[in-house]
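Morning, everyone. Let me put a model on the screen and walk you through its packing.

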Amino acid sequence: MLSQSRWFNYDQAPLPLKISLPFTLMFMGLWITGGTFLGRYFSEKLDQGQVERATQLSHLIEREVDQRLENLRRSARLLADNDSISQGIEQSDTRMLQQTVLPLKTILGTDAITLMNNQQQVLLDTRRPVLENEVIKDQSVIDLFIAGTDISTLAQTSSSGIPVMLGAAPIKNEQEIIGGIILGTALDEALLLDINHSIEGQIVVIANQRPVASTFPVEEASFPWVEDSIAHRNVIVEGEHFLANPIVVDGLKGDYFEIVLLMAQAPLMRAKQALWAVVWVLASVGVALTAIVGYWIAWRIAKPIRVLTDIARQVVSENNFELQMPLQTQDEIGILSTSFNQLIRWVGQYTDELELSAKTLETRVEERAQELSESIAQLQDTQAQLIQTEKMSGLGQMVAGI
């Protein structure tokens, strides 16, 4: 039973409201609960989709980096098999090496090409401005290709810390290894932007726990990164919310790099807001429809009862026992209407009988009163006669005595 308050008294409320209010409140609770559940469910689906998308894009970035490393290794292998380069290494002919290699630099798209002999003497070292003043920590790479191994890896530069993708291959003649070639491409903003053409998100390269390259301006102090980075972590960079997913890349000498994919959360937040708006609009419409339909059903149920009540009041106020409740249904209300009509007829008949009895009794009372009046009059006449007789008798006696 609903509790009563100062502003609402359930016991005195209209019958349609009494019927519809509990069901409306129940369905309102169901709509709100269901809307909240659906909103959370689809919000979690959106979050899950964002995480899955971030994972897929991270794999794409990882494959792109691996593919570029593999291309560097293959390019180094192809150059190492070039006869002009082998001859230039054997003869330590720098001019021949330049004439052979420099035309290929643009085609290869690398930032650095280094040629050296088996004594690790650099015969040719050509670099683009991005790596011109950098010292690449590549001794492990040199040791490997001197040993006759093709290699592709990441190495760190000395000053800026920008990682460099390296591809190296040994240069051999028919008898021995006579030198090696190293191709390098900086993992800088230009390369990240090139990778980012097919990626929905921003990319940041982390070296020594600080950002060294990114696809958007970011200051080191504003980049919230810690050691042992967590996958799918929510971070705030430059006041914007991002979902961060790191890709760990190890170098040969224990160098540790992370390529971090940052997916903006603003579209996801807008999608969630739109989702919750739709959910609450649907819930509100559902509650409104439930209230309207519930009240309409309650009104339909209460209408015959209200008509029955009005007829009962009219019968009592007007003493009109000819009034009858119209029969519109065959349900309980119809049965109640039939019984009510029968009751009115019975009361009307009983009232007529009472009126007739009252009239008969009144007539009998009047007749008895008339009879009593006549009897009293006769008694009075008899009494008067007796008195007159008594007087005359007394007068006769008195006369006789005189």
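I'll take a helix pair, then the sheet.

First, the ground rules. This is a predicted model, where local features need pLDDT of at least 70, side-chain atom pairs count only at pLDDT 80 or more, and totals for chains, interfaces and linings use all residues. Residues are numbered from 1 along each chain as its sequence is written, and side-chain values use heavy atoms, with hydrogens and water left out.

Helices (H or I, at least four residues) and strands (E, at least two) are DSSP runs, numbered from the N terminus.

Helix α2 covers residues 83–91, and helix α3 covers residues 94–108. They pack at about 155°, axes 8 Å apart. Axes are lines fitted to C-alpha atoms, for helices over the stretch in contact; angles run from 0 to 180 degrees between N-to-C directions. So α2 and α3 are roughly antiparallel (angles over 145 degrees).

Who touches whom? In α2, Ser-84, Ile-85, Gln-87, Gly-88, Ile-89 and Gln-91 meet Met-96, Leu-97, Thr-100 and Val-101 of α3. Contact means heavy atoms within 4.5 Å.

Now the sheet. Five strands form an open sheet, ordered β2-β1-β5-β4-β3, with antiparallel pairing. Two strands pair if DSSP finds at least two bridges between them. β2 (122–127) and β3 (151–156) are the edges; each has a single partner strand, so one side of each lacks a neighbour in the sheet. The twist averages 20° from one strand to the next.

α3 comes back here. It packs on the sheet, touching β1, β2 and β5, and its direction makes about 30° with that of β2.

Last, β1 (residues 112–117) and β5 (residues 177–186) run antiparallel, joined by six bridges. Asn-117 sits opposite Gly-179 in β5.

Definitions and conventions. Angles under 35 degrees count as roughly parallel, over 145 as roughly antiparallel, 65 to 115 as roughly perpendicular and the rest as oblique.
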